[in-house]
Amino acid sequence: MGEAVGDVESGEVMLVGSSGGHLAQLLALAPWYRGRARSWVTFDTPDARSLLEGEQVVWAHHPTTRNLKNLARNLLLAVRTLKRRNVAAVVTTGAGVALPFVVVARLRGVPTVYIEVYDRIDSPTLTARLCRPFLSAMLVQWEEQRRFYPNGTVVGNLL
C-alpha cells in the first residue's frame, strides 16, 4: 500500500467510502494508517458516527445511487475539502461518494488509490469503472479481480 500512495508524511491520508461495508474495509487498513495524519469522508449514519468517534470526519451527502443532486453536492464538497486540507493521498473502497473525491484529487495532483471491494469477483463495480481513469493505483483483494483490472495489484482480503 505504501508504494501506491507515495510519500504521505507531508500531508494527511483521506479515506473515502460509503458507510457500511465500504467503511469497514477502510477501517481494516488501520495497521497501515495508524500513526499517520488522516481524515475520513463518509455518510452521517449511526454506524459511521460510532466507528469514527474521535476521528476527523467530513460528512458527505447521501443517498448517492442515481441521485444527481447529491453527486453535485459531493462534487462541491470535494472541491472545498481538498482545497482546505493538506491531503497527500486519497484512498477509497467506493461507492458513490468516491467518484467526486477521486476526480478532484487527481485534478489537483493528489495520488488516488482505489481498493476494489472483496465481494465483487465476477464483475467490476460501477464506481471502480468510473474512477479508473483518475487513479494512481488500483488494488484488488482477489487474483480473480485482475481479469477486470490487469494492472491491478493484489493486496489480499482486507476483512
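# Close-ups of a parallel sheet

**View 1. Strands E4 and E5 side by side.** Here strand E4 (residues 87-94) runs parallel to strand E5 (residues 112-115), and three bridges join the two. Strands pair when DSSP finds at least two bridges between them; helices (H or I, at least four residues) and strands (E, at least two) are DSSP runs, numbered from the N terminus. Look for Val91, which sits opposite Val113 of E5. Helix H6 (residues 98-107) packs on the sheet here, touching E1, E2, E4 and E5, and its direction makes about 150° with that of E4. Angles, from 0 to 180 degrees, are taken between N-to-C directions of axes fitted to C-alpha atoms, for helices over the stretch in contact. A quick note for every view: this is a predicted model, in which local features need pLDDT of at least 70 and side-chain atom pairs count only at pLDDT 80 or more, while totals for chains, interfaces and linings use all residues. Residues are numbered from 1 along each chain as its sequence is written, and side-chain values use heavy atoms, with hydrogens and water left out.

**View 2. The whole sheet, with helix H5 across it.** Seven strands make an open sheet with parallel pairing, in the order E3-E2-E1-E4-E5-E6-E7. Strand E3 (57-60) and strand E7 (153-154) are the edges: each has a single partner strand, so one side of each has no neighbour in the sheet. Helix H5 (residues 68-84) lies across strand E1 (12-17), E3 and E4, at about 160° to E3.

**View 3. Strand E2 and its two partners.** E2 pairs with E1 in the parallel sense over four bridges, and Leu15 has Trp40 of E2 as its bridge partner. With E3, E2 again pairs in the parallel sense over four bridges; Phe43 finds its bridge partner in Ala60 of E3. To get from E2 to E3 the chain goes through helix H4 (residues 46-51), a right-handed β-α-β crossover. Right-handed means that, with the strands pointing away from the viewer, the path from the first strand over the helix to the second runs clockwise. Five of the six residues of E2 are buried, so the strand is mostly covered; buried is under 20% relative accessible area, exposed over 50%, and partly exposed in between (1.4 Å probe, protein chains only).

**View 4. Thr42 and the residues around it.** Thr42 belongs to strand E2 (residues 38-43) and counts as buried because its relative accessibility is 0%. Its side chain reaches the backbone oxygen of Gly17 at 2.7 Å, and a polar atom of that Thr42 side chain lies 3.2 Å from the backbone nitrogen of Ser19. Beyond its neighbours within four places in sequence, Thr42 is in contact (heavy atoms within 4.5 Å) with residues including Ser18, Leu23, Leu52, Val57 and Trp59.

**View 5. The aromatic pairs.** Rings of Phe, Tyr and Trp (its six-membered ring) pair if their centres lie within 6.5 Å; planes under 30 degrees apart are stacked, over 60 edge-to-face, and the rest tilted. That rule gives two aromatic pairs. Tyr33 and Trp40 form an edge-to-face one, 5.4 Å centre to centre with 90° between the planes. Tyr33 is buried at a relative accessible area of 6%, and Trp40 is buried at 1%. Phe148 and Tyr149 have ring centres 6.5 Å apart and planes at 70°, so this pair is edge-to-face. Phe148 is partly exposed at 22% relative accessibility, whereas Tyr149 is buried at 2%.

Technical notes: Polar contact = N/O pair within 3.5 Å; in protein donor to acceptor, adjacent residues only side chain to side chain.
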